[in-house]
Structure formats: C-alpha cells, structure tokens
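Please keep the sequence and the 3D view open as you read.

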Amino acid sequence: MKHIKSLSELTLEELWQLFPIILSEHQSCWKDWYEEEKQRMVGFLPMDDFQIHHIGSTAIHGIWAKPIIDILLEIPREIQMKELKQILEANGYLCMSEEQDRKSFNKGYTTEGFAERVFHVHLRYYGDDNEIYFRDYMNAHPALAKEYEELKKSLWKKYEHNRDAYTDAKTDFVEKYTRCAKLCYGKK
C-alpha cells in the first residue's frame, strides 16, 4: 500500500500540484460561507475585542476569484498570537506561515486536494488591514475590479502551479490601488 504523505510532508512543488490556482465566476454562496465561518469563529474565540472581515477576491462583487474565502481576524496588541494559534489549530485550522506580527491559517486542504469549502485566516493586529482598503476600493470602482479580474485571468494558466509567482504578478496592481484607497478613505 502506498503511503500518502501528510500535507506537512509535501514539498512546495507538490503542494502547488495538489492545490493549483483555480479561478471561477463569482458565486453568491461565498458570502454565506464567510458568514457561517465567521459565526463559528465567534463561538470559539475567547475574547470580545476582535474584528472579523471578509477580504480577498471572493469579497469583491462580481469578479472571478479563487474559491477560497479569505478572512482577516484583527486583534488588539494585548492578545498573544501564540494563544490564538493554539485555539485556531484546535478548531481545524493549519498554521501555514508565521511572522512576528502575522500568522496565516488554512482550512479545507486535504491529501486529496481541496475540500468543498476552503478558508484562509489571516491573524493580524489592529491596523494591519491593507486588504480591507483594497476590497472596499474595488467594490466602489467596478471598472477597476473588472480590470483586476482580467489581470488575474491573464495570470491564471501561466502560474497555475506557482502561487508565489501568481501573487507577485498581481502585487503592483494591488499596492497601487491600496494606496489610492488609503488616500480616498483618509489613512496614510
């Protein structure tokens, strides 16, 4: 019998093969999936002072996106991230990356590929919220959102098995319009 590696045993290249970039037309269920997961998180988070936001392309009206629900969990500086890491892991999330003031978690990745519902949770301290500015600006400017969609679609097959290159190729666009959003909405 062939041994199936756990996800933590796979190389980055193996992960990219198992979990390719997939884009699909906007689905109305994405908002519902976010709301359901948000309510689940509210039920197990041990504090009251936090904010949960739907971010990423599934939160931008009407554009194609990877069918992965990105969630920003903002917490005050008094809360230790390592404590929340343990709680998130106990509730089915896998920690995928860690920096001093940022942690990212995934849920819905299996040794067989994507589950029906896939989530990325970005744990951050209050104020580390560029994704909210970008989301709001795209939703307020549908023509720019469509331009972003076209950029994503043009990169999809080229970088289908290289998430880092796909993300890097979108960076200039995202950073440009995040700066515009901060100027527009009053944050420098």
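## Fold and overall shape

Starting at the N terminus, the protein chain's elements follow the order α-α-β-β-α-β-β-β-α-α-α. That makes six helices and five strands, where helices (H or I, at least four residues) and strands (E, at least two) are DSSP runs numbered from the N terminus.

Before going further, a word on the source: this is a predicted model, in which local features need pLDDT of at least 70 and side-chain atom pairs count only at pLDDT 80 or more, while totals for chains, interfaces and linings use all residues. Residues are numbered from 1 along each chain as its sequence is written, and side-chain values use heavy atoms, with hydrogens and water left out.

Along the principal axes, the C-alpha trace spans about 55 × 45 × 30 Å.

Of the 188 residues, 44% count as buried; buried means under 20% relative accessible area, exposed over 50%, and partly exposed in between (1.4 Å probe, protein chains only). Contact means heavy atoms within 4.5 Å. Among contacts between residues at least 6 apart in sequence, 65% join residues at least 24 apart.

## The nonpolar cores

A nonpolar core is a set of buried Ala, Val, Leu, Ile, Met, Phe, Trp, Tyr and Cys residues joined through side-chain atoms within 4.5 Å. The largest one has 23 residues, and Met41, Leu73 and Ile75 have the most contacts inside it. Two or more residues each come from α2 (29-44), β2 (69-75), α3 (81-90) and β5. Helix α2 gives the most, with five residues. Another core, of twelve residues, lies apart from this one and includes Ile63, Leu144, Ala145 and Ala181.

Which residues does Met41 touch, not counting residues up to four places away in sequence? They are Ile52, Ile71, Leu73, Leu88, Tyr93 and Val121.

Phe119 sits in strand β5 (residues 113-125). Phe119 is buried, as its relative accessible area is 3%. Beyond its neighbours within four places in sequence, Phe119 contacts Trp33, Glu37, Ile68, Ile69, Ile71, Tyr93, Phe105, Asn106 and Lys107.

Is Thr58 buried or exposed? Thr58 counts as buried because its relative accessibility is 4%. Its place is the loop between β1 (51-55) and β2. With neighbours within four places in sequence set aside, the contacts of Thr58 are His26, Trp30, Ala65, Lys66, Ile68, Ile69 and Asp70.

Ser24 belongs to the loop between α1 (12-18) and α2. Not counting residues up to four places away in sequence, Ser24 touches Trp30, Trp64, Ala65 and Pro67.

The table pairs each of these residues with a partner along the chain.

| Pair | Separation in sequence | C-alpha to C-alpha distance |
|---|---|---|
| Phe119 and Ile69 | 50 residues | 4.7 Å |
| Thr58 and Gln27 | 31 residues | 8.0 Å |
| Ser24 and Glu175 | 151 residues | 23 Å |
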